[in-house]
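This report is written for a reader who meets the structure for the first time.

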Amino acid sequence: MPAVSKGDGMRGLAVFISDIRNCKSKEAEVKRINKELANIRSKFKGDKALDGYSKKKYVCKLLFIFLLGHDIDFGHMEAVNLLSSNKYTEKQIGYLFISVLVNSNSDLIRLINNAIKNDLASRNPTFMNLALHCIANVGSREMAEAFATEIPRILVAGDTMDSVKQSAALCLLRLNRTSPDLLAMGEWTSRVVHLLNDQHLGVVTAATSLIITLAQKNPDELKTSVPLAVGRLSRIVTPSSSDLLDYTYYFVSAPWLSVKLLRLLQCYPPPEDGAVRSRLTECLEAILNKAQEPPKSKKVQHSNAKYAVLFEAISLIIHHDSEPNLLVRACNQLGQFLQHRETNLRYLALESMCTLATSEFSHEAVKTHIETVINALKTERDVSVRQRAVDLLYAMCDRSNAKQIVAEMLGYLETADYSIREEIVLKVAILAEKYAVDYTWYVDTILNLIRIAGDYVSEEVWYRVIQIVINRDDVQGYAAKTVFEALQAPACHENLVKVGGYILGEFGNLIAGDPRSSPLVQFSLLHSKFHLCSVPSRALLLSTYIKFINLFPEIKGTIQEVLRSDSQLRNSDVELQQRAVEYLRLSCVASTDILATVLEEMPPFPERESSILAKLKKRKGPGVLPDTEDSRKDKSAGLNGAVETVNVRAVAQVDLRSLCATCQYCHSLNDSRNFFSHLTSPLQSADLLGVGSTPPSSGSLLVDIFSENHSPSPTPASGAPAAPIFDENFPRFVCKNNGVLFENQLLQIGLKSEFRQNLGRMYVFYGNKTSTQFLSFSSSVPVDSTVDGGAQLQQTLNIECMSDFVEAPIFNIQFRYGGTLQTIAIKLPITLNKFFQPTEMMAQDFFQRWKQLSAPQQEVQKIFKAKNAMDAEITKAKLIGFGVSLLDQVDPNPSNFVAAGIIHTKTVQVGCLLRLEPNSQAQMYRLTLRTSRDSVSQRLCDLLSDQF
Amino acid sequence: MQFMLLFSRQGKLRLQKWYVPLSDKEKKKITRELVQTVLARKPKMCSFLEWRDLKIVYKRYASLYFCCAIEDQDNELITLEIIHRYVELLDKYFGSVCELDIIFNFEKAYFILDEFLLGGEAQETSKKNVLKAIEQADLLQENQSEDWGGLAAEEVL
């Protein structure tokens with residue numbers, strides 16, 4: 001037993017502790033403790049009144065037992081009794097017991113509060129401190145209720161001792177954290193702010209912590225603390241400051257207080273007052289300078305304290321994000337730390353640089369350290385440091401270095417610790433998608449991810465690659481070729497089989513011309529993996545097979561053979577068996593046309609937030625990951641617009657089911673009867689395709705829709721209330737053809753459309769979001785009358801443009817859901833520009849035609865304010881989406897856009913020239929259009945000018 | 001700071017201080033997980049790690065690990081020096097502190113901590129001032145202990 005000469009003599013406690021330490025086994029310890037508990041219980045219950053010392057000793061033993069990890073269910077009352085002892089040590093042990101073992105027994109709380117009240121009123125600073133420590137340690141609501149008004153008074157009273165002020169300040173801090181509603185701001189708040197000027201640095205330190213918590217919740221009321229904090233900081237950190245004696249820690253002046261003052265300033269924007277602001281800048285410069293000075297001591301405590309202040313100063317510089325000079329200096333300083341011999345400093349430098357990378361002033365400066373960071377990834381021995389390096393690479397990534405960073409991360413993944421693999425996979429997947437200049441690179445990257453770390457590739461990642469391949473025609477052939485090659489590997493990850501199965505099922509035809517990847521080869525390759533896969537993957541492969549029957553009629557027999565085998569038709573798994581039976585039957589009964597309709601290529605997925613981005617956010621929680629996505633989103637949209645946040649809600653939907661939901665066959669499977677009845681009603685499906693036995697004259701459909709308001713439409717029930725026309729999403733479709741047109745809680749309507757010359761075809765997808773069937777479903781054009789819960793119905797509209805027009809057709813939809821008639825009227829996004837054919841021409845031709853169209857009514861010009869960020873890439877994408885051809889090197893000013901196209905209608909063709917001049921300074925555009933028809937010029941100008 | 005734990009190389013908890021309200025069950029779970037995580041780390045590794053949504057700052061002194069959990073915006077290096085200052089205080093008070101001092105005088109370790117840190121924030125960073133407060137209390141104790149000196153001889157386990 002150590003010799004502590006400090007006068008307390010609880011010999012019994014020391015003996016007990018020794019006994020416990022001498023216990024050879026857990027059982028012996030429990031036995032000894034139970035013996036002690038029995039002893040204490042009998043003492044407390046005994047007839048003989050215990051003196052204060054014994055009470056203290058037993059309470060202390062109970063506390064020890066509790067801290068060993070055993071439950072204590074008595075002794076609270078004895079501890080409370082000790083509180084009212086006038087002997088300091090008894091009181092102290094009583095308070096310690098209460099602090100550690102507080103119990104919400106209301107009777108006791110009242111007694112405890114009573115004792116605290118007496119001690120607070122005792123004017124004995126030692127007793128007052130004990131009471132305040134207890135409140136700060138317990139911090140319960142009952143205590144807040146009892147003392148929320150008393151403690152501020154103690155804190156600001158003129159005659160309160162310094163040490164009591166310190167306890168009172170932190171006591172209030174705790175109560176403000178646990179019960180902020182009970183702590184009313186008041187006159188005392190401003191007096192607390194003035195404690196920043198107190199003589200006693202201990203008081204200032206405690207008060208600063210309190211002010212930080214108060215300022216976080218009521219910044220306005222504590223605004224006056226800013227100049228005081230700057231003044232105080234300046235007196236600590238500038239070279240002329242006097243010696244702070246005991247508050248100097250290893251030659252660093254008041255490091256704790258400096259850090260707190262810098263933290264406080266991070267609750268506010270840069271000071272508005274010029275003098276305060278320049279004084280603060282001086283302080284920050286002084287701190288940065290000190291980091292460069294030779295150390296005053298070799299002790300690690302010296303450098304830790306010095307750099308603690310430095311890192312906090314850098315946090316403030318980043319928070320203000322307004323002084324490029326300081327930001328770059330901070331970045332250089334951190335760059336030095338990246339190679340420091342102290343692991344701790346390297347770790348912190350990597351962490352701090354992550355936030356610097358998000359500032360536009362220092363992003364480039366951070367990027368210069370890329371080689372060092374990559375080196376850290378390869379050589380750091382500590383996984384938590386490597387993790388920081390990964391974070392920083394992710395934060396500093398932009399289009400210029402994406403390929404390098406993604407390659408390095410992929411390389412690292414091969415040897416990375418299992419604990420961080422999934423996160424690296426997500427990050428690589430996000431970067432690859434976000435900065436993909438060509439999507440072949442993206443596809444390669446994701447397949448590499450699956451190859452290297454297939455087990456860590458979550459479903460979101462492989463769903464996403466499929467979504468992107470489906471939505472981008474330019475990469476489909478490449479994707480098919482690449483997955484085919486990847487599948488050649490003798491052992492490939494099941495995730496690759498899923499991606500491969502899905503992509504070949506959709507786009508296998510694109511590579512079928514090559515004899516090395518002929519239909520039969522593709523099928524055999526996939527089927528060779530079948531038996532090694534889990535049930536969900538097998539189910540997916542079966543769907544691929546039926547898709548193959550449609551894509552490659554020549555191997556129908558082979559596939560039917562496989563489906564017919566006992567291992568499929570009699571599979572013990574219900575889902576697999578059902579798929580095999582139904583697909584086989586479908587392939588036998590359906591005609592080629594029907595198969596082609598049912599097994600058509602997947603429509604594009606609606607744009608939505610990348611599900612993997614959401615997953616990463618969820619993993620890290622907000623804030624931990626520097627939100628580079630958000631802060632730099634505007635700059636990186638454009639090509640990758642599809643990645644950006646569109647619909648957060650959609651994330652939850654991205655499961656295997658909903659992936660399949662858009663392909664017509666999977667869901668119908670759930671109700672095969674309905675599926676087949678639908679198929680065997682040829683009239684109905686013929687109608688859907690618009691090629692019925694008595695084909696309507698082409699164009700009549702459009703006329704029908706247009707005239708809908710005048711003539712009674714064939715299906716909507718009469719007497720239904722007219723619904724307000726929904727056109728919210730209409731503008732979104734001016735420059736693109738696919739997406740979600742309408743969505744409410746019940747129904748989602750998606751569109752996919754294509755136009756050629758004066759003709760168009762629009763596929764309307766009705767998705768039932770509920771689990772209940774919609775009855776009496778009808779639209780302005782006849783359609784199947786029920787939509788099953790969770791299922792999707794497709795309708796095709798044929799469109800012909802007769803002459804130029806302004807008003808878009810209104811489309812009515814009606815159905816019964818749970819007995820209520822739902823009526824929806826939607827403006828169909830058919831706009832004049834859809835009938836554009838882009839036209840290429842040389843500068844000379846352009847100017848010649850431009851001059852020809854110089855009559856005043858032929859030109860329409862509009863000057864308008866930019867509604868969105870002005871980004872050349874986005875503008876280009878929109879103009880191309882509008883349907884015109886962009887002409888380079890026509891306008892002498894490279895930031896202007898010049899384009900041409902021809903509008904096709906049944907009767908005439910109208911040539912159109914346009915020029916768009918962005919003025920980024922004024923955030924304005926000037927759009928000039930010239931066509932041979934004034935009505936066309938006007939309409940196109942209205943449509944296009946609304947898009948920026 | 002959300003909490004501070006002191007534990008031995010064998011994983012025995014020697015001191016626990018919680019600055020956020022948690023149930024006993026949660027406290028035990030956190031302690032178990034954290035002790036395991038920290039003990040598994042190699043000597044030259046960095047003193048900081050991410051754990052759940054907290055930052056852990058730890059340092060080993062002889063056979064004892066001092067481990068603090070701080071929040072995202074808190075400063076790691078200054079927390080490391082909080083640990084060091086606490087060790088200095090214990091050292092000064094006990095005279096070259098060892099694990100046994102903290103086992104046998106656990107209540108003193110708590111009292112010193114309360115003088116130094118309150119509500120998870122530094123209350124008094126001057127070594128001299130903290131020790132003065134503790135010594136004053138000990139003085140009160142000594143004066144009073146004369147009153148019950150006789151009883152100490154009779155004490156029963």
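Gln2(B) is found in the segment that precedes β1 (3–8) of chain B. The model described here is a predicted one. With a relative accessible area of 18%, Gln2(B) is buried, since the cut-off for that class is under 20%. Apart from its neighbours within four places in sequence, Gln2(B) is in contact with Lys17(B), Trp18(B), Tyr19(B), Val20(B), Leu54(B), Ala69(B) and Glu71(B).

**Chain B as a whole**

Chain B contains six helices and seven strands. Read from the N terminus, its elements follow the order β-β-α-β-β-β-α-α-α-β-β-α-α. Of the 157 residues in chain B, 62% are buried. When contacts in chain B between residues at least 6 apart in sequence are considered, 47% join residues at least 24 apart.

**The contact between the chains**

The contact between the two chains draws 68 residues from chain B and 87 residues from chain A. Between them, chain B and chain A bury about 6,900 Å², and 55% of this area lies on carbon and sulfur atoms. The interface of chain B and chain A holds 26 residue pairs in polar contact, with both residues at pLDDT 80 or more. On the side of chain B that touches chain A, the largest share comes from helix α2 (residues 76–94) of chain B, which supplies eleven residues. Sorted by class, that side of chain B has 28 nonpolar, 14 polar and 26 charged residues.

Five salt bridges are found across the interface of chain B and chain A. One salt bridge between the chains pairs Lys260(A) with Glu121(B), whose closest N and O atoms are 2.9 Å apart.

**Salt bridges**

Side chains of opposite charge can pair when their charged atoms come close. Over all chains, the structure holds 48 salt bridges.

| Arg123(A) | Asp159(A) | 3.0 Å |

In the salt bridge of Arg123(A) with Asp159(A), the closest N and O atoms are 3.0 Å apart. Arg123(A) lies in the loop between α6 (106–121) and α7 (125–138) of chain A, and Asp159(A) lies in the loop between α9 (150–156) and α10 (162–178) of chain A, so this pair ties together parts that are 36 residues apart in sequence. Arg123(A) and Asp159(A) are both exposed.

Because Arg141(A) belongs to helix α8 (residues 141–147) of chain A and Asp181(A) to the loop between α10 and α11 (187–193) of chain A, the pair ties together parts that are 40 residues apart in sequence. Arg141(A) is partly exposed, at 37% relative accessibility, whereas Asp181(A) is exposed, at 54%.

Elsewhere, salt bridges that share partners link Arg388(A), Asp391(A), Glu423(A), Lys427(A) and Glu50(B) into one network.

**Cysteines**

How many disulfides are there over all chains? The count comes to zero. Cys171(A) is in no disulfide, and the nearest cysteine sulfur, that of Cys134(A), is 9.0 Å away. Cys171(A) counts as buried, at 0% relative accessibility.

In chain B, the cysteine sulfur closest to that of Cys67(B) belongs to Cys68(B). The distance is 6.8 Å, too far for a bond, because a disulfide requires sulfur atoms within 2.5 Å. Cys67(B) also counts as buried, at 0% relative accessibility.

Key: Residues numbered from 1 in each chain as written. Chains lettered and ligands numbered in written order. Predicted model: local features only at pLDDT ≥ 70, side-chain atom pairs only at ≥ 80, totals over all residues. Heavy atoms only, no water. Contact = heavy atoms within 4.5 Å. Buried area = accessible area lost by both parts, 1.4 Å probe. Salt bridge = Lys/Arg side-chain N within 4 Å of Asp/Glu carboxyl O. Polar contact = N/O pair within 3.5 Å; in protein donor to acceptor, adjacent residues only side chain to side chain. Helix = DSSP H or I, 4+ residues; strand = E, 2+ residues; numbered from the N terminus. Nonpolar A, V, L, I, M, F, W, Y, C, P; charged D, E, K, R; others polar. Buried < 20%, exposed > 50% of the residue type's maximum accessible area, 1.4 Å probe, protein only.
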